[in-house]
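Here is a brief report on one structure. It covers an aromatic pair, a sheet and a helix.

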Amino acid sequence: MTSALPDVHLLEGVVAPKVLDAMRAASEPLKNVGIRHIVVGGLAVGAHGYPRATKDVNFLVGDEAFEQHAGGLVTMKPGAPIQVSGVAIDFLSVGADEKHLETALARSGEVAPAAVLVYLKLKSPRLKDRADVVELLKAGLDAGAVRDYLEANAPMLIPKLDEAVAAARAEE
């Protein structure tokens with residue numbers, strides 16, 4: 001992939017304008033209440049070279065997005081939007097064993113780096129997420145850089161990356 005990626009302009013004409021507007025509109029209140037966040041999900045996939053339609057906005061957020069309550073109840077911090085003009089805003093949290101994602105959150109308000117996005121997609125059980133990885137590879141994603149990231153942070157996902165690389169090669 002070129003250094004010009006991610007580029008949210010790639011989404012224009014593919015993703016409904018109200019979804020793109022919701023992404024931008026949701027980011028502001030998150031910044032205002034001090035929640036670190038990066039765009040992940042379908043919007044990030046598109047910004048990294050495989051634009052596809054999506055109906056929601058997904059953010060990876062820091063721990064400060066949540067309030068801990070007695071009995072293990074966790075709620076969103078006040079001010080975190082869950083919907084903008086009918087578009088759902090979904091939040092993914094960083095797991096206790098995912099400290100490597102904290103570095104990406106330092107880019108608050110931006111699109112997730114490609115390796116982080118692929119990590120999130122590969123750890124998902126959904127076939128749609130693996131298909132996104134295959135399409136990103138076909139679009140020019142640097143599989144070597146992703147492999148390096150996974151070797152350092154999630155080596156158990158390397159076989160899934162290898163499967164996606166093989167599938168992408170078979171489809172080219």
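## Terms and model

Buried means under 20% relative accessible area, exposed over 50%, and partly exposed in between (1.4 Å probe, protein chains only). The model is predicted: local features need pLDDT of at least 70, side-chain atom pairs count only at pLDDT 80 or more, and totals for chains, interfaces and linings use all residues. Residues are numbered from 1 along each chain as its sequence is written, and side-chain values use heavy atoms, leaving out hydrogens and water.

## Aromatic pair

Phe59 and Phe91 are stacked, at 6.3 Å centre to centre and 25° between the planes. Stacked means planes under 30 degrees apart; over 60 is edge-to-face, the rest tilted. Phe59 sits in strand β2 (residues 57-61) and Phe91 in strand β6 (residues 87-93), 32 residues apart. Strands (E, at least two residues) and helices (H or I, at least four) are DSSP runs, numbered from the N terminus. Both Phe59 and Phe91 are buried.

## Sheet

Four strands form an open sheet in the order β1-β2-β6-β5, with mixed pairing. Pairing takes at least two DSSP bridges between two strands. β1 (37-40) and β5 (83-84) are at the edges with a single partner strand each, so one side of each lacks a neighbour in the sheet. β1 and β2 are antiparallel, over four bridges. Val39 has Phe59 in β2 as its bridge partner.

## Helix α4

Helix α4 (residues 114-123) is mostly covered, with nine of its ten residues buried. Among them are Val116, Tyr119 and Lys121. The cover includes β1, α2 (41-47) and α7 (158-171), where contact means heavy atoms within 4.5 Å.

Key
Phe/Tyr/Trp six-rings, centres within 6.5 Å; stacked < 30°, edge-to-face > 60°.
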